[in-house]
Amino acid sequence: MKPWIQQFQASEILDSRGNPTLSVRCVLTDHSVHEAQIPSGASTGSHEAHELRDGDPSRYRGLGVLRAIQAVEGELAHAIVARQPDDQSSLDHLMIELDGTPRKSRLGGNSVLGCSMAFSRALAHRRKLPLYRSLHPDQAPTLIPVPYLNIWNGGVHAQWQGSDFQEYMIVPWGAPSFREALRWSSEIYHALQGELKKNHLPTGVGDEGGFAPPTTSNREPIDFIARAIEQSGFTPGADVAVALDLAANGFYESTRYLLRTEKKTLDSSGMVDYCAALVKDYPFLISLEDPLSESDPESWPLLTERMGSHVQVIGDDLYCTNPQLIDHGIRNRQANAVLIKPNQIGTVSETQAAVGKAVQGGWRAMLSHRSGETPDAFISDFVVACHAGQIKAGAPARGERVAKYNRLLTIEGELGREARYAGPDLIRQNSRNLYS
Ligand code: PGA
Ligand code: ZN
């Protein structure tokens, strides 16, 4: 076969938090260049792929990625150029074997994912397909996801100055199209800003572009958001639902959940009761992510059972996009959905396998950005290709967040009449069809 991959190049760029991250370019023999930029999390799970950083305190407070650049341009590039893989799983397997560690700690999850994503784009170019078609070439993409827009930031994304819970999201699932869903969300975001001003609260934003004012209760943000939804002319629940990412790892300390804003300390069953009361009091609350810590796995099945089938219980830190951990979770009925972040596992094909594992087990999947982001919108193409029907990418504001939503607008436009916006019923049904 004629060689088609010429080289891989990498460089150190900045992410949305102003920390260094990796950009990888796959250069083809036709001289085209295909780039990927790698995001970075702040509230990470313990089983995530290893992010290779320099640890040299004289540069970027130890966060530099010069070693990751070396890994890409040295070992990884040499092996890939020598082998000339022509599909995604051959490339990813080659890199996994070359690294040889369970969490990609030798060459770095960031280096490996950079090559994997840049290669995906190169492959799409070679196939003369848009990325969202090339990622699943035998399945016509039609399902445009419901966005979960994080408009109130707390926890570590707001330096623990506000709510204990990390993310309060609006879910415009009653909209007729993605374009309208985004308009509704922008109007609600600005209505919330107005409400905060009226109440003399600061309107500065957290890491994901949502407002991050101080609060004395983790329920107060829900009340504010419900008012903003109504003021914008929509009905909480039917038009626009609400979802939370509690990111409970962040406030779990030696078997107790510490809700600092409410001056409460709860044990596991207390935390389960707390969540049950929340969804009872707020019927428009449809989805809870990481309501419990990854260090408290025995309590997850109890909580999921209490929530019932109408509330989505999403595992993020508990599964880290790892197909084996997801499989274990499904067998133990720990949750009913999983968050999918490519950089938690480190290759495109393992990310696809994670979605496949979830859907085959009757779970939903939601694609996700990280709190440290770049303008790269790979996840937007990915979510359309895999029919997951749900994506979270932060507020409808800030360049690195809207890049994902704007890419979905473009895809919806390109699909034209083929495009179907994933309302509440479509999400499960369509993702099942793809993997059964
Ligand atoms: P992270 O946050 O990117 O900081 O991990 C996102 C999440 O917890 O879902
Ligand atoms: Zn999360």
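Asp381 has a relative accessibility of 3% and therefore counts as buried, the cut-off for that class being under 20%. Its salt-bridge partner is Arg407, with N and O 2.8 Å apart. Arg407 counts as partly exposed because its relative accessibility is 22%. The model is predicted, and the count of salt bridges in it comes to 24.

**Asp381 and Arg407**
- Asp381 belongs to helix H12 (residues 378-386), whereas Arg407 belongs to helix H13 (residues 399-415).
- The two residues are 26 residues apart, and the pair links distant parts of the chain.

**Glu350 and Lys104**
- A salt bridge joins Glu350 to Lys104, and the closest N and O atoms are 2.9 Å apart.

- Glu289 and Lys392 form a salt bridge in which the closest N and O atoms are 3.0 Å apart.
- This pair also connects distant parts of the chain: Glu289 lies in strand E11 (residues 285-289) and Lys392 in strand E15 (residues 390-392), 103 residues apart.
- Glu289 is buried, as is Lys392.
- Through salt bridges with shared partners, Glu289 and Lys392 are joined with Glu167 and Asp245 into one network.

Definitions and conventions: Residues numbered from 1 in each chain as written. Chains lettered and ligands numbered in written order. Predicted model: local features only at pLDDT ≥ 70, side-chain atom pairs only at ≥ 80, totals over all residues. Heavy atoms only, no water. Salt bridge = Lys/Arg side-chain N within 4 Å of Asp/Glu carboxyl O. Helix = DSSP H or I, 4+ residues; strand = E, 2+ residues; numbered from the N terminus. Buried < 20%, exposed > 50% of the residue type's maximum accessible area, 1.4 Å probe, protein only.
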